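Subject: Structure for you to look at

Hello,

The structure we talked about is below, with its sequence. Please open it first, then read my notes alongside it.

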Amino acid sequence: MNTLMPSADTGLPRISGRFARWRLEVSILFRIQFATVKDSWMWIILMATLYPLATFLFMRFYTVNPSEDMIVQIIAGNLVFGLVVMGMNSLGQEIAMQKHQNHFTFYASLPISKQNFVIANLLRGLMNTVPSLLILGVLTQVIYDIQLTLSPGLLPVMVLSLTSVVGIGILLGFWSPTFQFTNMLCQALMMVISFLSPVMVTMEQLPLPLQWLAYVLPTTYAADAMRTILTAGWTTGVMLDCLVMLVYTLISLFAVHRLIGWRVSD
């Protein structure tokens with residue numbers, strides 16, 4: 001009997017217990033988040049699709065006889081734009097609203113970590129974002145009559161594109177002095193990191209100061225990875241872009257752990 005039980009010196013029971021606790025916390029928190037959107041998920045998906053689709057249609061009408069590279073640029077840019085809308089703008093506003101409605105008082109009374117709260121919100125964001133991205137992907141191919149390369153690597157690119165920008169929304173939501181101010185700030189930053197970075201345009205089309213700024217924005221690497229994965233599949237360049245986005249994601253989780261708290265300052 002003793003030979004079947006892990007040794008106390010290996011630490012395996014402790015690791016298993018921590019993983020089970022983490023899984024339980026994330027599961028409960030995700031169900032709480034899911035309960036808040038289950039009756040309006042169709043509208044959420046519609047709004048997550050409407051913003052990038054409207055931008056895509058505008059660029060479709062504006063460009064005359066676009067090249068294939070330009071078409072891929074537009075499609076990839078609008079897919080990343082949809083991730084930015086959900087990952088930064090919507091999540092930042094949602095966390096700010098929960099903060100000012102005193103939801104954090106409830107969460108602070110529970111033996112949970114802020115990281116698990118963030119992960120649960122991320123899962124909700126993915127649940128709302130992936131359907132809209134699939135809709136956009138199908139519509140854009142039909143409108144432009146172009147066949148994109150669909151590979152398994154598209155999934156990690158989408159996930160990391162979302163998690164790399166979500167830290168900005170999380171920090172804004174937790175820091176939020178007022179909900180109205182956070183709403184306006186999220187909208188302004190969404191415009192900056194979407195339209196003043198090489199998301200809708202190429203790096204060479206931007207002025208030199210904006211090119212310098214682009215290198216520190218996660219959307220630059222998200223858009224580059226999305227363009228490449230849709231045309232050439234998984235390459236070394238995509239892998240490097242994903243590593244950069246992973247670094248942004250880890251920095252975000254570290255910032256959540258060290259810089260923000262549940263308590264609302266008066």
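**What was found**

R227 is found in helix 9. At 17% relative accessibility, R227 falls under the 20% cut-off and therefore counts as buried. Leaving aside residues up to four places away in sequence, R227 touches V72, Q73, A76, P198 and V199. Please keep in mind that this is a predicted model.

The rest of helix 9 is worth a look as well. Helix 9 has 14 residues, and from its first C-alpha to its last it reaches 20 Å. That is close to the 20 Å expected at 1.5 Å a residue. How many of the residues of helix 9 are buried? The count is 11 of the 14, so helix 9 is largely enclosed by the rest of the structure. The buried residues are P218, T219, T220, Y221, A222, A223, A225, M226, R227, I229 and L230. After helix 9 comes G233, which has a positive phi, near 80°.

Next, the confidence of the prediction. The chain has a mean pLDDT of 77, and 91% of its residues reach 70 or more. Which elements have the lowest and the highest mean pLDDT? The lowest is helix 1 (residues 12-37) with 72, and the highest is helix 9 (residues 218-231) with 88. Over residues 1-10 the pLDDT is below 50, and this stretch has 3 contacts in the model beyond near neighbours in sequence.

A35 has a relative accessible area of 43%, so it is partly exposed. Between A35 and L185 there are 27 Å in space, C-alpha to C-alpha, and the two are 150 residues apart in sequence.

Now the packing of helices. Helix 3 (residues 68-100) packs against helix 7 (residues 179-195) at an angle of about 165°, and their axes are 10 Å apart. The two helices are therefore roughly antiparallel to each other. Their crossing is right-handed. On the side of helix 3, the contact is made by F81, V84, V85, M88, N89, G92, Q93, A96, M97 and H100. On the side of helix 7, it is made by F179, T182, N183, C186, Q187, L189, M190, M191, I193, S194 and F195.

An α-helix has 3.6 residues a turn, so residues three or four places apart point the same way.

Helix 3 also meets helix 2 (residues 41-62). The axes of helix 2 and helix 3 come within 9 Å and cross at roughly 145°. This crossing is right-handed. From helix 2, the residues that take part are I44, A48, Y51, P52, T55, F56 and M59. They meet I74, I75, N78, F81, G82, V85 and M86 in helix 3.

Is L136 buried or exposed? L136 is buried, because its relative accessible area is 1% and the cut-off is under 20%. L136 touches T49, P52, L53, N78 and L79, again not counting residues up to four places away in sequence. The C-alpha atoms of L136 and G82 are separated by 9.0 Å, and these residues are 54 residues apart along the chain.

Regards

Notes. Residues are numbered from 1 along each chain as its sequence is written. This is a predicted model: local features need pLDDT of at least 70, side-chain atom pairs count only at pLDDT 80 or more; totals for chains, interfaces and linings use all residues. Side-chain values use heavy atoms; hydrogens and water are left out. pLDDT is the predictor's confidence in each residue, from 0 to 100. Helices (H or I, at least four residues) and strands (E, at least two) are DSSP runs, numbered from the N terminus. Contact means heavy atoms within 4.5 Å. The expected span of a helix is 1.5 Å times one less than its number of residues. Buried means under 20% relative accessible area, exposed over 50%, partly exposed in between (1.4 Å probe, protein chains only). Axes are lines fitted to C-alpha atoms, for helices over the stretch in contact, and angles run from 0 to 180 degrees between N-to-C directions. Angles under 35 degrees count as roughly parallel, over 145 as roughly antiparallel, 65 to 115 as roughly perpendicular and the rest as oblique. A crossing is left-handed if the near helix is turned anticlockwise from the far one by less than a right angle, and right-handed if clockwise.
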